[in-house]
Structure formats: structure tokens, C-alpha cells
Amino acid sequence: MKRKHKRLTFVLIGLSAVAVAAGLMLSAFEDGIVYFYSPTQMTEKELPSDRRLRLGGLVEEGSVVREEGVTHVTFRVTDLNSSIPVVYNGILPDLFREGQGVVAEGYLADGLFTAEEVLAKHDENYMPPEVAEALKASGKWDKIKGAMKHEGPPAVPAN
């Protein structure tokens with residue numbers, strides 16, 4: 001074999017090794033990717049029940065049900081078009097409450113979202129960008145105030 005052919009063989013073997021390594025890295029990253037969906041997107045799409053997902057939106061008013069003496073909580077997440085029931089077994093963040101933004105991470109099966117982690121917004125100005133976009137798309141987002149449009153009279157703050 002000529003020297004030129006040996007060099008070409010080593011280059012081809014090296015490129016093949018890099019391609020295989022890149023393919024393995026991409027497949028490993030895909031296993032760790034968690035896709036974000038709004039409640040409307042979850043109801044419209046056929047999503048696999050074994051895939052870890054993120055559900056974002058607002059905690060629906062009047063939907064939080066806590067059982068006495070246990071950490072089991074059920075609530076609904078809405079984007080003001082659709083809502084998804086969520087079951088969570090654990091301690092909720094201190095800022096979790098009805099009408100506030102939330103992102104739940106877990107699995108969807110038979111229309112019920114089983115959350116393994118629940119994240120609540122950390123101050124009055126923050127909302128995950130995906131949640132804000134879903135609310136803006138619903139037409140219920142007040143762009144000037146950066147908050148949800150109220151349908152009735154203004155709320156009176158509690159003292």
C-alpha cells in the first residue's frame with residue numbers, strides 16, 4: 001500500500017470515529033430533552049405516555065384540592081383555552097397558588113398529568129417565556145401590564 005493510501009485510510013477511519021461519537025452524543029442528548037407544552041397543545045397532540053414533558057400555564061382558580069395530613073395535591077393548569085388535571089405528590093413551592101404561573105414536569109397518561117416536580121413563579125414579574133407566549137396566543141395576555149387580562153371588576157387587595 002502506498003503512503004498516500006495509508007494516510008487516506010487513517011483519515012477515513014478518523015472521520016468515521018468522529019461521526020459515530022457525534023451520533024452517540026446526539027442520541028444521549030435526546031433522552032435528556034424535556035419538551036414544553038401548553039394545555040391546549042397537550043390536548044391537541046398525541047403525546048407518548050412514557051416521555052417526560054413540561055406543562056406550563058396558570059393554576060386554574062378553584063381547582064386546588066389538598067388532602068388533610070398528606071402531601072397529595074390535585075389541581076388544573078390552564079392557558080385560558082384548555083386545562084389539564086395535574087396530580088402531584090410532594091411539597092409544593094411556597095409561591096404556588098391559584099391564578100399564578102406554574103410549570104410542572106412529569107408524564108401525561110389518559111388525560112391526567114402526573115407531576116414529579118412543580119415550579120412556581122418566583123416574583124410578580126416573572127413567568128416562563130413559553131407560558132407567556134401560550135397566554136399571548138390565547139389573546140388573554142395584557143401586553144402593557146404584563147399580566148393576565150381580568151374579565152370582571154378589578155380585584156381588591158386583601159389587607
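1. E105 and R52 form a salt bridge, with the closest N and O atoms 2.7 Å apart; the term denotes a side-chain nitrogen of Lys or Arg within 4 Å of a carboxyl oxygen of Asp or Glu. Because E105 lies in strand 6 and R52 in the loop between helix 2 (39–44) and strand 2, the pair ties together parts that are 53 residues apart in sequence. Helices (H or I, at least four residues) and strands (E, at least two) are DSSP runs, numbered from the N terminus. E105 is buried at 9% relative accessibility, whereas R52 is partly exposed at 23%. Here buried means under 20% relative accessible area, exposed over 50%, and partly exposed in between (1.4 Å probe, protein chains only).

2. This is a predicted model, in which local features need pLDDT of at least 70 and side-chain atom pairs count only at pLDDT 80 or more, while totals for chains, interfaces and linings use all residues. Residues are numbered from 1 along each chain as its sequence is written, and side-chain values use heavy atoms, with hydrogens and water left out.

3. E105 also meets R54 in a salt bridge (2.8 Å, N to O). With E105 in strand 6 and R54 in strand 2, this pair ties together parts that are 51 residues apart in sequence. R54 is partly exposed, its relative accessible area being 33%. R52, R54, E105 and E116 are linked in a network of salt bridges; the structure holds four salt bridges.

4. A further salt bridge joins R76 and E60, whose closest N and O atoms are 3.7 Å apart. It links distant parts of the chain, R76 being in strand 4 and E60 in the loop between strand 2 and strand 3, 16 residues apart. Both R76, at 29% relative accessible area, and E60, at 25%, are partly exposed.

5. S63 makes polar contacts with the backbone of both E60 and R76. Its side chain reaches the backbone oxygen of E60 at 2.7 Å and the backbone nitrogen of R76 at 3.1 Å. A polar contact is a pair of N or O atoms within 3.5 Å; within protein, one must be able to donate a hydrogen and the other to accept it, and residues adjacent in sequence count only if both atoms are side-chain atoms. S63 lies in the loop between strand 2 (53–59) and strand 3 (65–66) and is buried at 11% relative accessibility.

6. The largest nonpolar core has 20 residues, of which M42, F75, F113 and V118 touch the most other members. Strand 2, strand 4, strand 5, strand 6 and strand 7 each give two or more residues to this core. Such a core is a set of buried Ala, Val, Leu, Ile, Met, Phe, Trp, Tyr and Cys residues joined through side-chain atoms within 4.5 Å.

7. L80 has a positive phi of about 75 degrees, is placed in the loop between strand 4 (72–78) and strand 5 (83–89), and is partly exposed at 27% relative accessible area. D110 has a positive phi near 55 degrees, is found in the loop between strand 6 (101–109) and strand 7 (112–120), and is exposed at 84%.

8. Overall, the protein chain has three helices and nine strands. Buried residues make up 29% of its 159 residues.
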